[in-house]
Amino acid sequence: MTTGTTTGTTVVSMAAALNRALADALEADERVLVFGEDVGALGGVFRVTDGLAARFGERRVFDTPLAESGIVGTAIGMAMNGLRPVVEMQFDAFAYPAFEQITSHLAKLRNRTRGRVEVPVVIRVPYGGGIGGVEHHCDSSEAYYTHTPGLRVVTPGTPDDAYRLLRDAIDSPDPVVFLEPKRRYWTKGPLHGGPAAAFDRAVVRRHGRDVTLIAYGPMVATALETAEAAREEGWDVEVVDLRSLSPFDDETVCASVRRTGRAVVVHEASGFGGYGAEVVARVTERCFHHLHAPVLRVTGFDIPYPPPKLEKHHLPGVDRVLDAIDRLQWDDRVVVRGA
Amino acid sequence: MARLRAPERERTLLPSEEPLSLLRKDGSPVEDSPLEMPDDDVLVRLHRHMVIGRRFDTQATALTKQGRLAVYPSSRGQEACQVGAVLALREQDWLFPTYRDSVALVTRGVDPAGALTLLRGDWHLGYDPHEHRVGPQCTPLATNTPHAVGFAHAARLKGEDTAALVMLGDGATSEGDTHEALNFAGVWRTPVVFLVQNNGYAISVPLSKQTAAPSLAHKGIGYGVPSVLVDGNDAAAVYAVVREALRADGPTLVEAITYRIEAHTNADDATRYRDADEVAAWLDRDPVDRLEAHLVSRGLLDAAGKRALAEEAEAFAARVREQLNADVETDPAELFAHVYAEPTTHLREQAAQLARELA
C-alpha cells in the first residue's frame, strides 16, 4: 500500500481528510482520475474535491454530464484501459441509476474474464442522514453493495480512517464502493497520515468488558457516545468499528464478542434484510457458546427515509442503543436460578 | 473546443434520407455514391470472412441443436455489418461486441471455442480481451456503450491513437445507457463508433414499437454526434463508413439497416411475430451473395476461387465441431478464484466447503 505524503498529526475534518487523500493519490499516481457531477470548479457539493481541478488540471479532475450510469460505465472503460478512476455519486440515492453498471459489470468483470481484466474503480458515495436532507438525499444503501460479490465496501468513522481507507481504496486492484458518512464530514479528528489497520480489518475503538457495540460509518461516533453514557449505568462498553463492510472481519469482531459475551449491532439503514442481520448471523454462528444474550440490532425503522423534521425519530441515537444494551438479559442467571 | 462549432461538423450531423450504399442488390456498383469503394483486396477479404463467418454461424446453430451450446443467437443475415465493421478496425482499435456478434469475434481473430465459451456454458467469457482487443460480449444490452466511450477517452488521455467500435442493436437504442454514452462521447469528442445493427426486431418487438424517430441514426443529433445511415447488407459500404468514422476526431453513430434471418435464438419461434414473405424478401437481399456477385462481375472471384473458399470454410467448421464436441473440464475451485484479486478469507472458507463436498 502507498504511504501517505502527509506526515505528522494534524486535526482536520473528515471532508478535509478525504480531500487530502484524493490530492495525495493524484500526486502519487498519474493514472488516478477524479470525476463526477460538480467535482470540478465547485469542488463537490460537500467540497470534498475542493481545489483539485485547479491543482491537477481538467484532464485529471473534471465535471461530467449529469448521468450516473454514464459516469460509472465510462469509469469501467477507463479502468479497462489502465487508468484508476475515482468517481463521485453526489448523494446515496443518486447512485441508483448506476446500479446495473456497478452490480453487473464493475463487480463482475474480473470474474467474467478469469482475472484478465481488472477494473480498479473507486465509487465515492456520501451516504446516510442526519443533515436535514430532503428525500433521496439520506439513504443508507450499503446492503445493496455488500450483497454483490466482487465489490469491496468500506466506510470510515473517523477523519484518519477516511484518509487511510480512501488511499487504500484507490490502491486496491478490486472495485471499491467508498461510503462517506455525510453527517460526519465536518467532525474533526486527528490525521496521523501514517500506517493504520489493514484495509479489510475492523478495529476496536474503545475497549470494554461487558458488551460489544458493532458499528460503522456515521454510527461509530454514536456508539462511542453511548459507551460514555453507559459507563454511568455501570456498563463497560467495547466499540468495534467495522471499517470494511465487505469483506467482513470475522476475526476482530468475534474476538471482541467472545470477550464480552454480549453484542449490539448499530446502523442507520433499515433493519429488515439489512447489513446488521448478516453481522448478527455471523456472530451467532461463530460465538454461540460465548453469548449470554441474543445479539440485538439497533437500526433505522423499516420505512422510507423520513422528512427532515422527523428524521430524529428514525436515526438510532444514544438512548435507543442504551435501551438495547439494557435488554441483553443481564439478570439471566438470576432468572435461571429462580426457575 | 473551437472545433465543436465548426460548420462542417454541424452540417454532417444529419443522416442521409436513404441508406448509403456502394453495391446494389445484384452486386452492381452504385453510381455517384459518396462513399469510397474499398480496394479490391479489401473486397476479397470482406467476402472471404463473410463466407467463413456464415459457415461458422450455421455450424454453431447445428451444435446448439445437438446440445453442445446452451443457446445461440445467430448472426445470419448480418454478416456484412459484423465483417465490414471489424475489418475496418485498425490493429490498435478495440471492439465492444454483444452476444449476437460471434461472427464479428471470429473475424477479429478470436478462437471460435473462445467466442462460444459463454454460450457453451464453461465460463462467462472464453478469450483474453487484451489479446485481440475485444471487450467481453455484452448481454444486458447497451451497457457496453459507456465502456467503449470510457476506454477510448482513456486512450486519448494517455495520448494513444486508439478508437473504439461498440455494437448494439435496434432494441438497445431504447436503453438509457445508449443515450448516456452518446452524450458523454459527444461532450468529450471521444473517438467511438456506435454501430447499430438495425435488424428490425428486438426479439419479437418490431422497430415500429421501439421508436418514433425518423431513423435510429437521428438519435445522434440530440447529442451532437454525427450520424450515418448505411445499407447493412452492403459489406463494402459498412466497411467504408466505419473505416472513416474510426479515423474521425470524435464519435459517430452508424445505423446499418439489416435483417436477422434466423429467430432470436434457437429457443425463439419467429413465426409468432413475422411472416415468411418478409423473411423471403430479405433472403433476396443476401449480403454474401451481393458481394460475391460483385467480385465475380469484376473478375476478382472465379469458380475455382469459390471452391477453394468453400473448402476453407468447411475446414473452419470442422475445427469448430472438433473443439466444441470435446468435453471441457470445468474446475469448481475456479468459482472462487477471480471474484477478487486475492480470495477473501470468507471465499477461501466456502471454497474449502465445496472441496469437502466434492471429495
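## An exposed position at the end of chain B

B:Ala355 is exposed, because 12 other C-beta atoms lie within 10 Å, and exposed residues are those with 12 or fewer such neighbours. In this predicted model, B:Ala355 has its place in helix α14 of chain B, which covers residues 345-358. The C-alpha atom of B:Ala355 is separated by 8.1 Å from that of B:Pro332, although the two residues are 23 apart along the chain.

The domain assignment of chain B gives domain 1, covering 8-328, and domain 2, covering 331-359. Between the C-alpha centres of domain 1 of chain B and domain 2 of chain B there are 38 Å.

An unreviewed UniProt entry places the feature "domain: Dehydrogenase E1 component" at residues 48-315 of chain B. Over residues 48-315 of chain B, the chain is 44% helix and 12% strand, and the end C-alpha atoms of this stretch are 13 Å apart.

The largest nonpolar core holds 197 residues, and of these B:Leu195, B:Val242 and B:Val254 touch the most other members. Leaving aside residues up to four places away in sequence, B:Val242 touches B:Gly84, B:Ala85, B:Ala88, B:Leu165, B:Val193, B:Leu195 and B:Val254. As a general background, nonpolar side chains tend to be buried together in soluble globular proteins.

Helix α3 of chain A, made of the 13 residues 68-80, reaches 18 Å from its first C-alpha to its last, which is close to the 18 Å expected at 1.5 Å a residue. Because 13 of the 13 residues of α3(A) are buried, this helix is largely enclosed by the rest of the structure. After α3(A) comes A:Gly82, whose phi is positive, near 95°.

Where chain A meets chain B, 34 residues of chain A are in contact with 33 residues of chain B. On the side of chain A that touches chain B, the elements giving two or more residues are α3, α4 (99-106) and α5 (109-112) of chain A. Of these, α3(A) gives the most, with nine residues. Sorted by class, this side of chain A has twelve nonpolar, 15 polar and seven charged residues.

## The two domains of chain A

Chain A is divided into domain 1, residues 11-191, and domain 2, residues 203-328, and the C-alpha centres of these two domains of chain A lie 26 Å apart. Their contact takes 28 residues from domain 1 of chain A and 22 residues from domain 2 of chain A. On the side of domain 1 of chain A that touches domain 2 of chain A, the elements giving two or more residues are α6 (142-146), β6 (152-154), α7 (159-171) and β7 (176-181) of chain A. The residues of that side of domain 1 divide into ten nonpolar, eleven polar and seven charged.

UniProt, in an unreviewed entry, places the feature "domain: Transketolase-like pyrimidine-binding" at residues 12-187 of chain A. This span of chain A is 36% helix and 17% strand, with its end C-alpha atoms 8 Å apart.

## Backbone details in chain A

Most residues other than glycine have a negative phi, and most peptide bonds are trans. A:Arg243, in the loop between β11 (237-241) and β12 of chain A, has a positive phi near 60°; A:Arg243 is buried, with 28 other C-beta atoms within 10 Å. A cis peptide bond, with omega about 0°, joins A:Ser246 and A:Pro247, and A:Pro247 lies in the loop between β12 (244-246) and α9 (250-260) of chain A.

A:Gln329 has a positive phi near 55° and lies in the loop between α12 (318-326) and α13 (332-338) of chain A. A:Gln329 is partly exposed, with 15 other C-beta atoms within 10 Å.

Conventions:
Residues are numbered from 1 along each chain as its sequence is written. Chains are lettered from A and ligands numbered from 1 in the order in which they are written. This is a predicted model: local features need pLDDT of at least 70, side-chain atom pairs count only at pLDDT 80 or more; totals for chains, interfaces and linings use all residues. Helices (H or I, at least four residues) and strands (E, at least two) are DSSP runs, numbered from the N terminus. The expected span of a helix is 1.5 Å times one less than its number of residues. A residue is buried if 20 or more other C-beta atoms lie within 10 Å of its own, exposed if 12 or fewer, and partly exposed in between; C-beta atoms are placed from the backbone. Two residues are in contact if their C-beta atoms, placed from the backbone, lie within 7 Å. Ala, Val, Leu, Ile, Met, Phe, Trp, Tyr, Cys and Pro count as nonpolar, Asp, Glu, Lys and Arg as charged, and the others, Gly among them, as polar. UniProt positions are given in the numbering used here, feature names are shortened, and annotations may be inferred rather than shown by experiment. A nonpolar core is a set of buried Ala, Val, Leu, Ile, Met, Phe, Trp, Tyr and Cys residues joined through C-beta atoms within 7 Å. Domain bounds come from an automatic or database domain assignment.
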